[in-house]
Amino acid sequence: MAGTRRLRRDAELNRQRIIQAGREVFAARGLQATLNDVAHHAGLGVGTVYRRFPDKQALAEAIFTEELDEIAAMAQKARAEGDAFTALAGFLEGALGRAAHNRGLRELMRHGAVEGTGLARARREITSHCEALVARARTQGVLRDGVTEADIAPIAAMIDAIMALPGEHPSELWRRYLAIILDGLRAQPRQTPLPGPGSVG
């Protein structure tokens, strides 16, 4: 029995090492990284990694489900804040701050290259929380007229494009432009009406 418990404990420790190594490797190299890369980073044999995760899809799904669950928890916590605009702005800055140093997470947000029931559930939770944050900001009168929950994903995509710019400190430049965008989202006197999503010219 003791030997069986030790084997189970060792297996769980190996799984945790693989998950942590995978987080670091995907964050640095993106989703093109291989299970061999993860095994090397974890200091484990490739066979050990394959015994826990049959392919890269399975490992990536486990890692990014955790990542998105943590972002969903951030959004849920933001909903408890009193000032709705501060809550929305703080969530956007926090979530995008995670993505700024995680190439794999940005690729997942951009292309949806990894799928699975856990990821789909976490995405739905994030969307639901974002809808609630936007609705509360609108109710409090602190959100610019015409801004809807449908604007959040394009805003994230714009910031992602800035994060991808070449330069000495491209990963931090996004904070400047997020601040500009947030100023545009806040309700202020005499703002120009926003064109509709389908407006042209």
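This passage describes the overall fold of a predicted model and then turns to a few of its residues. Residues are numbered from 1 along each chain as its sequence is written, and side-chain values use heavy atoms, with hydrogens and water left out. Because the model is predicted, local features need pLDDT of at least 70 and side-chain atom pairs count only at pLDDT 80 or more, while totals for chains, interfaces and linings use all residues.

The protein has 9 helices and 0 strands, where helices (H or I, at least four residues) and strands (E, at least two) are DSSP runs, numbered from the N terminus. Read from the N terminus on, the elements run α-α-α-α-α-α-α-α-α. Along the principal axes, the C-alpha atoms fill a box of roughly 70 × 40 × 30 Å. Contact here means heavy atoms within 4.5 Å; of the contacts with a separation of 6 or more, 71% join residues 24 or more positions apart.

What share of the 201 residues counts as buried? The share is 37%, with buried meaning under 20% relative accessible area, exposed over 50%, and partly exposed in between (1.4 Å probe, protein chains only). The protein exposes about 11400 Å², of which carbon and sulfur atoms supply 55%. Such accessible areas come from the Shrake-Rupley method with a 1.4 Å probe, and for residues only the protein chains shown count as cover.

Two buried residues can be followed in detail. R23 is found in helix α1 (residues 2–29) and is counted as buried because its relative accessible area is 16%. The side chain of R23 makes a polar contact with the side chain of E67 (3.2 Å). A polar contact is a pair of N or O atoms within 3.5 Å; within protein, one must be able to donate a hydrogen and the other to accept it, and residues adjacent in sequence count only if both atoms are side-chain atoms. Leaving aside residues up to four places away in sequence, R23 touches I63, E66, E67, E70 and R98.

N102 has 6% relative accessibility, so N102 counts as buried.

On the surface, L165, L173, Y177 and I180 form a nonpolar patch with about 330 Å² of accessible area together. A salt bridge is a side-chain nitrogen of Lys or Arg within 4 Å of a carboxyl oxygen of Asp or Glu. Y177 lies in helix α9 (residues 170–185) and is partly exposed, with a relative accessible area of 32%.

Technical notes:
Patch = residues over 30% accessible without salt bridge, like charges linked within 9 Å, V, L, I, M, F, W, Y side chains within 5 Å.
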